[in-house]
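Trainee: I am new to this structure and would like to know what the words used for it rest on. Please show it to me first.

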Amino acid sequence: MSGTLNPSDGARHATILGIGSYRASRVIPNAEIVDAIDSSDEWIQQRSGIKTRRWATAEETVQMMSVAASRKAIEHAGIDIAQIDAIVVATVSHMFQTPAVATAIAHELGADRPAAFDISAACAGFCHGIALGSDMVRGGSAKHVLVIGVERLSDLTDVGDRGTAFIFADGAGAAVVGPSDQPGIGPVVWGSDGEQFDLIRQREDWRDVIAAENPRMPHLTMQGNPVFRWASYAMAKVGQEALDRAGITADQLDVFVPHQANMRIIDALARSMKLPGTVKIARDIADMGNTSAASIPLALDRMIEDGEARSGDTALFIAFGAGLAYAAQVVVVP
Ligand SMILES: CC(C)(COP(=O)(O)OP(=O)(O)OC[C@H]1O[C@@H](n2cnc3c(N)ncnc32)[C@H](O)[C@@H]1OP(=O)(O)O)[C@@H](O)C(=O)NCCC(=O)NCCS
């Protein structure tokens, strides 16, 4: 006999209730890495805007940094850990193919058996997680979702590779997404361009690594220049679409938090989108490097701490990276 199922019953709107971050503790200046890649502090600063980056110690694991960032986000949200009913972790540097690091994070946080899973969307992962969290809260599959962006890219970086050694870094950021009276997370604009799959990727797949005579870590490789051109132009359109879909103009935007990949990309995007001078722009890359999925929450958390972003402000996120994959949305700062 057929019957009618109950519909899922979610909140009318979703918002970011709290945010937290963790910065890996080793400060690595350009001077420390230039010899291995025949480069200079001047070249790295001019081309990327990076002065120093953070690399993790042995104790600062993906799980440890995630838990530290999450505790701050949960405290900022003013909820109890038991109220978290789903944990979504965006990362490419958890070294187990399975199980997901999300389950271990849930256990260490003392959460009450939440749904817990990892997603792989590289540098765009955190914005994918925010989109999922928003839809889960509104769709009724969770009331409070903890979204984490975390990377230990120093493990995946070849310190002798000129194209990547000065870029990648380590850290974690987390956000609690929950129900609200007003929309706090605008419609996501996201997509991918798989034709450019090879531009940023792990060098070999694991079977080739194991079959090699002298197995070596399958580090990340990147063809920087085409990625740079793609990000500087295509992502401005994506950002504009996110503003349009949220129903706000650049004049109504308070804060711009693009993925922290390169200071010149950040400037090019702000220029192309004609953001007014009043918009505060995240520039965390200068002393953090590119922390991939962690870069947006790390940058926003610092702006909140410094008083540059205030509760109730509108902020535009744009994230992009390997895949190529991208996602953007306007959010209200918690
Ligand atoms: C990596 C990046 C900083 C390189 O800057 P670029 O301006 O594109 O530099 P290019 O690769 O065109 O190289 C320019 C010159 O610098 C040289 N060069 C490359 N790497 C160098 C290094 N580390 N130090 C010194 N010189 C270097 C090149 O050999 C080239 O020399 P040539 O002009 O004599 O041929 C830039 O491409 C970038 O940031 N790309 C995007 C990264 C990104 O957004 N990733 C996102 C997702 S994670």
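Mentor: A helix here is a DSSP run of H or I with at least four residues, and helices are numbered from the N terminus. Just after the helix α3, G110 has a positive phi of about 80 degrees. Keep in mind that this is a predicted model.

Trainee: How many helices and strands does the protein chain have?

Mentor: The count is nine helices and 14 strands.

Trainee: How do you know whether the radius of gyration of the protein chain agrees with that of a compact globule?

Mentor: A compact globule of 334 residues would have a radius near 20 Å, and the protein chain has 19 Å, so the value agrees. Along the principal axes, the C-alpha trace spans about 65 × 50 × 40 Å. Of the 334 residues, 54% count as buried.

Trainee: Which residues of α3 are buried?

Mentor: In α3, residues 101-109, the buried ones are V101, A102, I105, A106 and L109.

Trainee: Why are the buried residues of α3 said to line one face of the helix?

Mentor: Looking down the axis of α3, they fall within an arc of 140 degrees, and therefore they line one face. In an α-helix there are 3.6 residues a turn, so residues three or four places apart point the same way. The cover over the buried residues of α3 includes α2 (62-77), β4 (86-90), β5 (115-119) and β6 (145-152).

Trainee: How do you know whether T291 is buried or exposed?

Mentor: Buried means under 20% relative accessible area. T291 has 1%, so it counts as buried. T291 sits in the loop between α8 (285-288) and α9 (295-305). Not counting residues up to four places away in sequence, T291 touches E151, L153, A169, D170, G171 and L298.

Trainee: What makes P218 buried or exposed?

Mentor: P218 has a relative accessible area of 1%, so with the cut-off for buried at under 20% P218 is buried. The loop that holds P218 runs between α5 (206-211) and β10 (220-222). Beyond neighbours within four places in sequence, the contacts of P218 are Q202, R203, E204, W206 and V209.

Trainee: What about A122: buried or exposed?

Mentor: A122 has a relative accessible area of 12%, and the cut-off is under 20%, so A122 is buried. A122 is a residue other than glycine with a positive phi, near 50 degrees. A122 is in the loop between β5 and α4 (125-139).

Trainee: What kind of peptide bond joins T98 and P99, and what is omega there?

Mentor: The bond is cis, with omega about 0 degrees. P99 lies in the loop between β4 and α3.

Trainee: What is omega between G323 and L324?

Mentor: Omega is about -10 degrees, and that peptide bond is cis. L324 is in the loop between β13 (314-321) and β14 (325-332).

Notes. Residues numbered from 1 in each chain as written. Predicted model: local features only at pLDDT ≥ 70, side-chain atom pairs only at ≥ 80, totals over all residues. Heavy atoms only, no water. Helix = DSSP H or I, 4+ residues; strand = E, 2+ residues; numbered from the N terminus. Rg over C-alpha atoms; globule rule 2.2 N^0.38 Å. Buried < 20%, exposed > 50% of the residue type's maximum accessible area, 1.4 Å probe, protein only. Arc of directions from axis to C-beta. Contact = heavy atoms within 4.5 Å.
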